[in-house]
Amino acid sequence: MRASDLLHPRPEGLYCPPGDFFIDPVRPVNRALITHGHSDHARSGHGSVLATQQTLDIMALRYGEDFAGTTQAAMLGETIALDGVSVSFHPAGHVLGSAQIAVEHQGRRIVASGDYKRQKDATCAPFEPIRCDVFITEATFGLPVFRHPPDTEEVARLLKSAAQFPERSHLVGAYALGKAQRVMRLLRDAGYDKPLYIHGALARLSEYYQSQGIDLGDLEPATVESGGKQDFAGAIVVGPPSAFADRWARRFPDPISCFASGWMRIRQRAKQGGVELPLIISDHADWDELTATIKETGAEEIWVTHGREEALVRWCELEGIAARPLHLVGYEDEGD
Amino acid sequence: MNRFAELLDRLVLTPSRNGKLTLLTDYFRSVEDPDRGLALAAITGDLKIAAVKPAMLRTLVTERMDPVLFGYSYDYVGDLAETVSLVWPQPPGRIANREPTLGEVVAKLQAASRSDGPKVLTGLLDSAGISARFAIIKLVTGGLRIGVSARLAKQALADFGKVDVAEIEELWHGLSQPYTALFAWLEGKAEKPRNTALALFRPVMLSNPVGDCDLEKLDPADYAAEWKWDGIRVQAVAEGGIRRLYSRTGDDVSGAFPDLADAMHFSAALDGELLVGDPREATGTFSDLQQRLNRKTVTLRMQQQYPAFMRCYDLLQIGEEDLRPLSFRERRGRLEAFIGTLDPSRFDLSPFVDFADWQALEDLRRAPPHPIIEGVMLKRWDSPYLAGRPKGPWFKWKRDPHTVDAVLMYAQRGHGKRSSFYSDYTFGVWSGTEGAEELVPVGKAYFGFTDEELKQIDKYVRDNTVERFGPVRSVRADRDNGLVLEVAFEGLNRSTRHKSGVAMRFPRISRLRWDKPANEADRIETLQALLD
């Protein structure tokens, strides 16, 4: 059996014919295996969903309890048989609950990594490399220009700026699932113990993170109830990036717009978005992590998906590893 | 090196002047000599380092990595310095325990000969991290482009030392890199450096605009009036064989006007307006003057076609004598006598405008006799020459601005206090034949309106968005829909860079014409008629 008979792209998503399931389908299907809770990977309306308990919890928070017909929680490392195909979930280090999915049949193993990173992250379990024949890698930052600095340095720059401009507020744009909580946790680890002000869109997910034992400290809603604008002088406010362009942001005094994202590596990106303090903090693997991970898996063949496939395929060619782009549609980079 | 790199990164993305000043003063406070002085020199454009060509940089990087991968990277990033700083493969095992300081980097680069320049650069890039590599490449390719003028850097020094910026400007050309004595003085650790250099800049005297009720309180007999020439304010200083032309902020611009500098056969400091043409025959227009601005090299042909001359209105020094404490009347007398000794094709006297009362002057101001006159200047007869902008002795009374009714086409979000407001507006006027009219953009403005009006325009932009491009929205604007803005501006230049062929000087929103239908806005021909 060829690898492409075990998993191959269909318009709905990556399909496994012998197991009759999809991984991260973008349209409603009968049986879905979900790597993590970002909305482009985890959609509602499937017949049954198999995912980690945390991913199931996050989907329920986002879509309501009835987001799927039935759900089943996968324990990390545990093998589950689906019509003779063995599947197992392994931590991906991307966001809370994120997992790679290993699919094994007739002695051949394919690992679909979903989205992943290798940098240490106190808000989720670290990535575990899994030996496999075929490794399906993301390529969100699949160009040699993407080299993420240590996240502690980035947070130190934020704190330095907050001290430099005590009369202004710092608005940190960070996606609601994962990035926002990671930034908050990094601030706490750096010794910042003042309240963090959050946009309403982050409240439920942040509360969920706290309930899972990830301490984010004192979070307060960024609403103007008493006093006025000056209440936020010197404050750090975290919210979804879209909110800062919105009228919502007018409650803050002379705000400095910050954006926590791997895209902030490119100056022009920061400039175009009107970002004054770019924070290069990413939940995706950078170029060095991608190439190191490909080697670690020992895979003979690499399938490259969502992102800049051509550079990573080129790198594999130079290394003598078979590689091809997997043309999956419908994935954006919500997570970064 | 990292602190300098971080400073560059912050400055380029910080739009507010106050924000930049804070970043610069904090840097001067926290970084030691000689690094802070070298950073200052780099920012003011005074740091001399042999340039490396972009093609060389490309060669160096593709010797180290797959050219195809480099190609993908460069295509994506679009900026060579940035791409190279990011992709540069650090040789394993060669990572130093600490990155080089700015002082070490500059010393190595300045010591490098032309032939071993690339090798030195390679060594430096190997020893540095990403941010530092970017800063190094910016230093060797010339031009930091961080939106900080020499003037702003001097203001930051003044803020840092809590002194007047005029003191910095006056000292500036006598100082040498890395400005250790200057920083010691600003930190209160040493005396103010004494200036012994020749042909130094003298901080200029500036005027205030005439306010609404100012003139009623003033006696016309106390003031002299001159035309206000719309050239470039310059100070010509010659002393001991050194000749320098300074801009009004003390930048040395002699290199751009060698024809004028060569004619400075005197020992004095003159204040006046740089214009083009031959003062005995005709003064050139602003478009003529533009031919001589912002050029790296000036061809002989350019100097012949648009010769530079100086229309003098003050004399600050003659030989050893400092005239600044004298009254304007006395200085003017000395100037009139002195001008006669100079080359008449390069220096002439700014004439007085005779007037009996303010009304008579008002009439003259409204209808000046030459297009390059932008109003009148009033100078108190008894005033000494004072640095800065003292209120009272000098006034500028400009002619009224031009106005045009234009249609709002694009709006961009602002920064800081305005970061959630669409506050920068691109506007256009109609062109094309009847029935096929289309809007052509003619300018951009981001002030002139009140906070209340800003809220109204912002709402209008959000309610009438057609398309969004990052922070920019294109706004519905056609014959039947659109917001008409009355735009005031000081003048109009021909422009090959703009589709409309015109570029406005100092445009601002003067009125919101909610009452006016879009199709009644002005046509491009109205503007073209203003071109001289």
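Two residues are in contact here if their C-beta atoms, placed from the backbone, lie within 7 Å. With that in hand, let's walk through this predicted model.

Q: Which residues of α9(A) meet α5(B)?
A: On the α5(B) side the partners are Val68(B), Leu69(B) and Tyr72(B). By class, the residues of the contact of α9(A) with α5(B) divide into five nonpolar, no polar and two charged. On the α9(A) side, the residues are Glu310(A), Ala311(A), Arg314(A) and Trp315(A).

Q: How are α9(A) and α5(B) oriented to each other, roughly parallel or roughly antiparallel?
A: Helix α5 of chain B covers residues 67–77, and its axis is 10 Å from that of α9(A). The two pack at an angle of about 165°, and angles over 145 degrees count as roughly antiparallel. Their crossing is left-handed. The orientation of α9(A) and α5(B) is therefore roughly antiparallel.

Q: Which elements give two or more residues to the side of chain A that touches chain B?
A: Stepping back to the whole interface, 29 residues of chain A are in contact with 25 residues of chain B. The elements asked for both belong to chain A, and they are α7 (267–272) and α9 (309–319).

Q: How do the residues of the side of chain A that touches chain B divide by class?
A: This side faces 25 residues of chain B, to which chain A brings 29 of its own. Sorted by class, these residues of chain A are 13 nonpolar, six polar and 10 charged.

Q: Is Glu309(A) buried or exposed?
A: Glu309(A) is found in helix α9 of chain A. Leaving out residues up to four places away in sequence, Glu309(A) touches Ala139(A), Gly142(A), Val304(A) and Pro325(A). Its C-alpha is also 8.4 Å from that of Leu326(A), 17 residues away in sequence. Because Glu309(A) has 20 C-beta neighbours inside 10 Å, it counts as buried.

Q: What distance separates the centres of domain 1 and domain 2 of chain A?
A: Chain A is divided into domain 1 (3–145 + 284–325) and domain 2 (151–279). The two touch, with 16 residues of domain 1 in contact with 15 residues of domain 2. The domain 1 side of that contact has seven nonpolar, six polar and three charged residues. Taken over C-alpha atoms, the centres are separated by 30 Å.

Q: What distance separates the centres of domain 1 and domain 3 of chain B?
A: The domain assignment of chain B gives domain 1 (2–141), domain 2 (208–398) and domain 3 (402–528). Over C-alpha atoms, the centres of domain 1 and domain 3 of chain B are separated by 39 Å.

Q: How are α2(B) and α10(B) oriented to each other, oblique or roughly parallel?
A: Helix α10 of chain B spans residues 150–161, and its axis is 9 Å from that of α2(B). Leu21(B), Leu24(B) and Phe28(B) are among the α2(B) residues in this contact, while Leu152(B), Ala156(B) and Phe160(B) are among those of α10(B). The crossing is right-handed, and the contact holds seven nonpolar, two polar and four charged residues. With an angle of about 60° between them, α2(B) and α10(B) are therefore oblique.

Q: Is Tyr179(B) buried or exposed?
A: A cis peptide bond joins Gln177(B) and Pro178(B), with omega about 0°, and Pro178(B) is in the loop between α11 (165–172) and α12 (180–186) of chain B. Tyr179(B) also has its place in the loop between α11 and α12 of chain B, and its phi is near 60°, a positive value in a residue other than glycine. Because 24 other C-beta atoms lie within 10 Å, Tyr179(B) is buried.

Q: Is Asp20(A) buried or partly exposed?
A: Asp20(A) lies in the loop between β2 (13–16) and β3 (21–23) of chain A. Although it is not a glycine, Asp20(A) has a positive phi of about 50°. Because 13 other C-beta atoms lie within 10 Å, Asp20(A) is partly exposed.

Technical notes:
Residues are numbered from 1 along each chain as its sequence is written. Chains are lettered from A and ligands numbered from 1 in the order in which they are written. This is a predicted model: local features need pLDDT of at least 70, side-chain atom pairs count only at pLDDT 80 or more; totals for chains, interfaces and linings use all residues. Helices (H or I, at least four residues) and strands (E, at least two) are DSSP runs, numbered from the N terminus. Ala, Val, Leu, Ile, Met, Phe, Trp, Tyr, Cys and Pro count as nonpolar, Asp, Glu, Lys and Arg as charged, and the others, Gly among them, as polar. Domain bounds come from an automatic or database domain assignment. A residue is buried if 20 or more other C-beta atoms lie within 10 Å of its own, exposed if 12 or fewer, and partly exposed in between; C-beta atoms are placed from the backbone. Axes are lines fitted to C-alpha atoms, for helices over the stretch in contact, and angles run from 0 to 180 degrees between N-to-C directions. Angles under 35 degrees count as roughly parallel, over 145 as roughly antiparallel, 65 to 115 as roughly perpendicular and the rest as oblique. A crossing is left-handed if the near helix is turned anticlockwise from the far one by less than a right angle, and right-handed if clockwise.
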